[in-house]
Amino acid sequence: MKKVFLLLLALILCLSVTACNGDGEQAESTEPVEKTTAPGKVESDTYSNDYISFKVPAGYTAAVEEGSDIISPATPNGDSISVLFSNKDGSFDQLTKEGFETELKTIDPNIALQNYTAEKIDGVDSVHFSYTVNLDPIKINITQIILNTEPNLTITVTDFTGTSTADFAALLSSIDVK
């Protein structure tokens with residue numbers, strides 16, 4: 001039960017950071033994202049949908065949620081990869097390291113931004129950043145990649161087991177934007 005509660009807390013934290021434009025202001029959105037494509041799927045350790053594909057750890061499977069796909073191990077351990085679709089609203093240019101640091105501190109002063117990188121991934125502007133939520137005795141590592149595509153794509157890797165660092169590097173290097 002405690003692990004389920006912590007997973008929900010981590011997902012809420014991920015969504016709260018993703019929903020803001022980096023300066024504490026909620027991004028404006030005029031209409032909901034309509035995911036009119038087929039849901040993503042995992043085949044041969046590769047996740048793919050109509051917008052993107054990337055490598056996932058062996059044994060992960062995809063489940064569909066409204067507006068996102070959740071990819072998790074076949075044997076649940078709390079780890080997950082989520083792909084969230086959101087409207088392109090112009091806020092991508094405001095995603096700065098300072099904005100994320102400020103946003104994380106407003107959520108919890110004990111959360112520190114560990115990594116922030118702005119770069120092109122497969123020719124698309126992107127940012128990716130990592131932070132750790134320490135809920136003694138559980139430590140949750142969260143890494144997010146936001147791609148400036150239409151629709152915007154946010155990939156969130158939630159790691160309860162401490163094994164996803166190598167998996168994230170493989171995921172990042174294998175991203176193919178369609």
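Okay, housekeeping. The model is predicted, so to speak of local features we need pLDDT of at least 70, and side-chain atom pairs count only at pLDDT 80 or more, while totals for chains, interfaces and linings use all residues. Residues are numbered from 1 along each chain as its sequence is written, and side-chain values use heavy atoms, with hydrogens and water left out. Helices (H or I, at least four residues) and strands (E, at least two) are DSSP runs, numbered from the N terminus.

Let's start with the hairpin. Strand 5, residues 68–73, runs antiparallel to strand 6, residues 80–86, and four bridges join them; for pairing, DSSP has to find at least two bridges. Six residues sit between the two strands, and in that turn Gly78 has a positive phi of about 100°. Asp69 has Val83 in strand 6 as its bridge partner.

Both of those turn up again around Asn49. Leaving aside neighbours within four places in sequence, Asn49 is in contact with Gly40, Asp69, Val83, Phe85 and Lys178, where contact means heavy atoms within 4.5 Å. Asn49 is in the loop between strand 2 (46–48) and strand 3 (52–55). Is Asn49 buried or exposed? Buried, because its relative accessible area is 4% and the cut-off for buried is under 20%; exposed is over 50%, partly exposed in between, using a 1.4 Å probe and protein chains only. The Asn49 side chain makes a polar contact of 2.9 Å with the side chain of Tyr47, and also reaches the backbone nitrogen of Ile52 at 2.9 Å. By polar contact I mean a pair of N or O atoms within 3.5 Å; within protein, one must be able to donate a hydrogen and the other to accept it, and residues adjacent in sequence count only if both atoms are side-chain atoms.

Now helix 2. Gly99, Phe100, Glu103 and Leu104 are buried there.

Last, the cores. The largest nonpolar core has 22 residues, and Ile52 and Phe54 are among those with the most contacts inside it. A core here is a set of buried Ala, Val, Leu, Ile, Met, Phe, Trp, Tyr and Cys residues joined through side-chain atoms within 4.5 Å. There's also a second, separate core of 16 residues, including Phe92 and Phe129.
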